[in-house]
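Here is a friendly briefing to read with the structure open beside you.

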Protein chains: 2
Amino acid sequence: MARITLFGNRESGHTYKVRMLLTMAGIGHDYTEINLKQPREQRPEPFRSLAKFGEVPLLVMDGQPYVQSNAILLHLAEHAGCFGGESPERLARMREWLFWEANRIGFSLPNFRYGRRFVAGGLDPAVEAFLRARFDADIARLEHELADGRAFIVDDQPTIADLALSAYMYWSEQALVQLPPGVTAWLVRIAELPGWCHPDAMATQ
Amino acid sequence: MARITLFGNRESGHTYKVRMLLTMAGIGHDYTEINLKQPREQRPEPFRSLAKFGEVPLLVMDGQPYVQSNAILLHLAEHAGCFGGESPERLARMREWLFWEANRIGFSLPNFRYGRRFVAGGLDPAVEAFLRARFDADIARLEHELADGRAFIVDDQPTIADLALSAYMYWSEQALVQLPPGVTAWLVRIAELPGWCHPDAMATQ
């Protein structure tokens with residue numbers, strides 16, 4: 001069995017994505033919380049050496065480091081043989097959504113939330129409006145996609161794309177944004193999957 | 001042999017990435033230019049039906065549509081058996097860079113260039129400063145990565161991660177940004193690969 005350690009932070013939705021997959025796929029692992037308030041050069045080993053740029057999440061599997069949350073998800077889904085594409089056609093759709101997430105809602109929502117939650121005095125209003133416009137476009141696209149009634153983003157089976165896309169949305173209240181009904185119903189379906197838990201509950205584990 | 005058509009636009013670095021791989025890997029294909037000034041609902045078929053959100057690039061292979069430039073690159077590298085990972089370790093590093101690109105420099109640089117080249121009067125100064133700060137951090141990270149003297153971003157062999165990361169950098173003058181020496185030397189090495197051409201030269205083909 002592979003020896004797996006995840007280094008993460010409880011305020012990071014990117015960490016949460018990976019913890020969800022580890023838990024939901026039943027992959028045995030250790031978890032180490034990294035204090036992001038600590039200067040990068042003071043963070044503990046082996047995190048400091050293996051996460052070259054000091055970012056979470058970092059997954060270490062049999063001594064090999066893996067970074068970038070969606071790349072970690074792809075690696076773990078292949079390792080576990082679940083929540084992945086399982087056919088060339090589904091794999092293609094799933095990867096499209098993973099890259100869309102990285103460029104679109106995995107940019108707009110975390111940065112918008114960050115400004116509202118962690119930046120004293122908030123972001124510059126023009127920057128906030130820029131991020132808000134992107135978030136609005138992104139969430140409208142997801143709502144439109146899910147309007148055909150399928151249960152998950154690729155089809156009726158959940159994949160790592162659902163975990164990636166949904167992660168920060170469970171903190172939508174922290175970003176002070178409202179989610180449309182189709183997206184909300186999809187978030188409920190994900191939350192009903194065996195092993196799922198809310199990021200706030202996971203943070204205290 | 002697969003029947004492949006790429007639908008793209010000459011001002012899109014994301015289209016350019018895919019055209020480069022098709023050309024450099026010697027993958028036979030047709031190319032169709034999409035006029036992005038045309039309203040989405042007036043764009044020609046089959047593009048309009050297959051690219052659900054009307055975005056370029058769209059690759060159609062044997063009737064199946066593929067979107068999201070980095071997902072297309074992964075698919076084509078697997079199809080062609082070149083410019084991909086070729087080992088589990090290289091594949092992991094290559095995917096990390098593809099996701100980093102989608103979230104970081106594939107966001108900051110295209111949006112910064114867009115504001116300077118296509119937005120009348122330019123972006124709001126605060127938004128421009130936000131994007132500039134991200135671009136500066138992103139390019140500093142790449143410069144740091146390449147400082148160990150390796151030829152390409154994964155190791156001494158080029159991959160689709162090099163094509164993805166470099167695409168918009170060949171238009172750095174349009175974004176009015178300067179590139180540091182290590183990044184510049186890496187761009188020259190990519191440009192010396194067989195079949196490479198500059199995005200402006202490709203645009204007139």
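In this predicted model, A:Gly8 sits across from A:Glu33, a residue of β2(A). That pair belongs to a parallel pairing: strand β1 of chain A, residues 4–8, runs in the parallel sense with β2(A), and four bridges connect them.

**Helices on the chain A sheet**

- Helix α1 of chain A, made of residues 13–24, packs on the sheet and touches β1, β2 and β3 (58–61) of chain A.
- The direction of helix α1 of chain A makes about 150 degrees with that of β1(A).
- Helix α3 of chain A, residues 69–80, also packs on the sheet, where its contacts are with β1, β3 and β4 of chain A.
- For helix α3 of chain A, the angle with the direction of β3(A) is about 30 degrees.

**The chain A sheet as a whole**

- Which order do the four strands of chain A take in their open sheet? Reading across, the order is β2-β1-β3-β4, and the pairing is mixed.
- At the edges stand β2 (30–33) and β4 (64–66) of chain A; each has a single partner strand, so one side of each lacks a neighbour in the sheet.
- Going from one strand to the next, the twist averages 20 degrees.

**The chain B sheet**

- Chain B has an open sheet of four strands in the order β2-β1-β3-β4, with mixed pairing.
- Its edge strands are β2 (30–33) and β4 (64–66) of chain B, and each of them pairs on one side only.
- The twist in this sheet averages 20 degrees from one strand to the next.
- Strand β1 of chain B (residues 4–8) and β2(B) run parallel and are joined by four bridges.
- Within that pairing, B:Phe7 stands opposite B:Thr32 of β2(B).
- Helix α3 of chain B, residues 69–80, packs on the sheet by touching β1, β3 (58–61) and β4 of chain B, and its direction makes about 30 degrees with that of β3(B).

**How the two copies relate**

- What rotation and shift superpose chain B on chain A? A rotation of 180 degrees does it, with 0.0 Å of shift along the axis and an RMSD of 0.0 Å.
- The two copies are therefore related as by a two-fold rotation axis.
- Both copies use the same surface, as 100% of the contact residues of chain B recur in chain A.

Methods. Residues are numbered from 1 along each chain as its sequence is written. Chains are lettered from A and ligands numbered from 1 in the order in which they are written. This is a predicted model: local features need pLDDT of at least 70, side-chain atom pairs count only at pLDDT 80 or more; totals for chains, interfaces and linings use all residues. Side-chain values use heavy atoms; hydrogens and water are left out. Two strands pair if DSSP finds at least two bridges between them. Helices (H or I, at least four residues) and strands (E, at least two) are DSSP runs, numbered from the N terminus. Axes are lines fitted to C-alpha atoms, for helices over the stretch in contact, and angles run from 0 to 180 degrees between N-to-C directions. Contact means heavy atoms within 4.5 Å. Copies are superposed by least squares on the C-alpha atoms of residues with pLDDT of at least 70 in both.
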